[in-house]
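Biologist: Please put the structure up. I would then like to go through its packing, one question at a time.

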Amino acid sequence: MHPINLRGSAWAEIVPAFADRFAIVPDMRGFGDSPPAEQYDIARWAKDCIDAVDRAGVDRFHAIGGSLGGAISVYLAAAEPKRVISVVAVGSQLYSRDPDNAAVLSTLEHHTVTEMFELVLPKYALAPNASAEVVAKAMALRNPNSKDDMRRVWRAACAADIRALVASVSCPVTVVTGEFDLTCPPAAGAEMAAMLHAPHVLLPGIGHLPMLEDPPALIAAIKAHLKRVEF
């Protein structure tokens, strides 16, 4: 599951490292090539993921999600315990520390969607030393939808709170956080890991989007997780 306001192809540099497996990387409603919707919430996004695996004929699966996708992965593990084998939550948290998402919504008041991403992505989503190439990758993957739809997506994502679900998660979980993640900071990742009785992996020198900033480091973390849980 992709991070908020990106798309499934954000995993393009991760999936080839798992060529012996079948991967599904959907664009959830309101993201990428999927159409916008009138309503968004974590339950609807989780249903999109279940619809995708059902359509592919997949019964049981590992759920790997970045940012909002990590929270959706935990939601799926609680809602579908017989289907979710394990969870990797990357740059994720149990609930938003900024439920109003002031930085994004206030920037949208005075700028276009593209300008908002140009201002917000480097500052909040990437490590301070992120290269121009990484910034360009993130910009190329940004959500193409309108201001109004962007606002609905952000508000729904920031309203997602999975604290009440963690007691229902029985599968193994690993939480991965970038050292310089300002959106879902290391303290939030550590709290998520503690609540889920999961290891917390800190990636040095990385911000909120390790799948773009340092694919080899994230691949190594996912492989270590799969080695731990598949026995």
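Modeller: Contact here means heavy atoms within 4.5 Å. The model is a predicted one.

Biologist: With that meaning of contact, which residues does R44 touch, not counting residues up to four places away in sequence?

Modeller: R44 sits in helix 1, which covers residues 42-55. Its relative accessible area is 28%, so R44 is partly exposed. Leaving out residues up to four places away in sequence, the residues R44 touches are R29 and Q39.

Biologist: Is helix 1 roughly parallel or roughly perpendicular to helix 2?

Modeller: The axes of helix 1 and helix 2 come within 9 Å, and they cross at roughly 75°. Angles of 65 to 115 degrees count as roughly perpendicular. Helix 1 is therefore, relative to helix 2, roughly perpendicular.

Biologist: How many residues of the contact of helix 1 with helix 2 are nonpolar?

Modeller: The contact of helix 1 with helix 2 has no polar and no charged residues, and its nonpolar residues number 11.

Biologist: Which residues does M211 touch, not counting residues up to four places away in sequence?

Modeller: With residues up to four places away in sequence left out, M211 touches P3, A10, W11, E13, I14, G66, V90 and L218.

Biologist: Is S73 buried or exposed?

Modeller: S73 is placed in helix 2. Apart from residues up to four places away in sequence, S73 touches M1, A63, I64, G65 and V87. Since its relative accessibility is 0%, S73 counts as buried.

Biologist: What is the phi of S67?

Modeller: S67 lies in the loop between strand 1 (61-66) and helix 2. S67 is buried, as its relative accessible area is 7%. Although S67 is not a glycine, its phi is positive, at about 60°.

Biologist: H197 also needs a look. Is H197 buried or exposed?

Modeller: H197 is found in the loop between helix 7 (186-195) and strand 4 (200-203). H197 is not a glycine, yet it has a positive phi of about 55°. Its relative accessible area is 76%, and the cut-off is over 50%, so H197 is exposed.

Biologist: How far apart in space are T107 and V120, C-alpha to C-alpha?

Modeller: T107 lies in helix 3, residues 102-110. T107 is buried, with a relative accessible area of 14%. In sequence T107 and V120 are 13 residues apart, and in space, C-alpha to C-alpha, they are 8.3 Å apart.

Biologist: How many residues of the contact of helix 4 with helix 5 are nonpolar?

Modeller: Helix 4 contributes T114, F117, E118, L121 and P122, and helix 5 contributes V135, A138 and M139. One residue of the contact of helix 4 with helix 5 is polar and one is charged, while the nonpolar ones number six.

Biologist: Which residues of helix 6 make the contact with helix 4?

Modeller: The axes of helix 4 and helix 6 (residues 147-159) come within 10 Å and cross at roughly 45°. That angle makes helix 4 oblique to helix 6. From helix 4 the contact takes V113, M116 and F117, and from helix 6 it takes K147, M150 and W154.

How values were computed. Residues numbered from 1 in each chain as written. Predicted model: local features only at pLDDT ≥ 70, side-chain atom pairs only at ≥ 80, totals over all residues. Heavy atoms only, no water. Helix = DSSP H or I, 4+ residues; strand = E, 2+ residues; numbered from the N terminus. Buried < 20%, exposed > 50% of the residue type's maximum accessible area, 1.4 Å probe, protein only. Nonpolar A, V, L, I, M, F, W, Y, C, P; charged D, E, K, R; others polar. Axes fitted to C-alpha atoms, helices over the stretch in contact; angles between N-to-C directions. Parallel < 35°, antiparallel > 145°, perpendicular 65-115°, else oblique.
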